[in-house]
Amino acid sequence: MALVSDAGTPAISDPGFRLIRACIDRDLDLEVLPGPSSVITALVASGLPTHRFRFQGFLPRRTGELERVLQSTETLIAFESPRRLPESLRALAQLAPDRPAAVCRELTKLHEEIARGTLGELSRRFREEARGEIVVVIGPAAERGTADIGFATDALRGLIRAGARPRAAASVVSALTGVPANDLYKGITGREPRR
């Protein structure tokens, strides 16, 4: 039996995994032939760091989960549906507007497109549904030391004193410093943020 896909390497974030797992569980011989992988192709074409990367599958929809994903100090690679792309880019841009990224569409096909820029720029560019298979690559978060937490907390306190709402201010400071917004919010208010 053979499993062939017209959408990249079978078993990468698709139901082919269940077939592979069933073969292994039944001790059947399995041979994998190298083929196209949009994950690696997008990573290389993005121009973002390739020495450490993480494949996310699909991006989470909840803001808190998206914040955690963006804390990765590795280049992040994720699939995205054409219909959800504008909404996902908007959410990413609100959390980290200056983070470098790439939207890779229809890789190795006739209408291939690789759009590079910041998440803010890409959010403005893709305001409507895109076509085809899409891979989003996001540059790594800057690695931060414990000294930056004090700076971030001071910045958050200053914004709140100036009249900003704590949750919104924590998101802004998080995007600028890399310190998780939930940690900042909890440190200032003493309670977990509401979802």
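Lys-109 is partly exposed, at 34% relative accessibility; that class lies between buried, under 20% relative accessible area, and exposed, over 50%, with a 1.4 Å probe and protein chains only. This is a predicted model, in which local features need pLDDT of at least 70, side-chain atom pairs count only at pLDDT 80 or more, and totals for chains, interfaces and linings use all residues. Residues are numbered from 1 along each chain as its sequence is written, and side-chain values use heavy atoms, with hydrogens and water left out.

The side chain of Lys-109 forms a salt bridge with that of Glu-133, at 3.3 Å from N to O. By salt bridge I mean a side-chain nitrogen of Lys or Arg within 4 Å of a carboxyl oxygen of Asp or Glu. Lys-109 sits in the loop between β3 (100–105) and β4 (113–118), and Glu-133 in the loop between α5 (119–125) and β5 (134–138), so the pair ties together parts 24 residues apart in sequence. Helices (H or I, at least four residues) and strands (E, at least two) are DSSP runs, numbered from the N terminus. Glu-133 is also partly exposed, with a relative accessible area of 37%.

I turn next to a network. Arg-105, Glu-113 and Arg-125 are joined by salt bridges that share partners. Within it, Arg-105 and Glu-113 meet at 2.7 Å, N to O, and Arg-105 is buried at 14% relative accessibility.

Finally, which residue does Glu-67 meet in a salt bridge? The partner is Arg-167, at 3.6 Å from N to O. Glu-67 belongs to helix α3 (residues 63–70) and Arg-167 to helix α7 (residues 166–177), so this pair links parts 100 residues apart in sequence. Glu-67 is buried at 9%, whereas Arg-167 is partly exposed at 24%. The whole structure holds 7 salt bridges.
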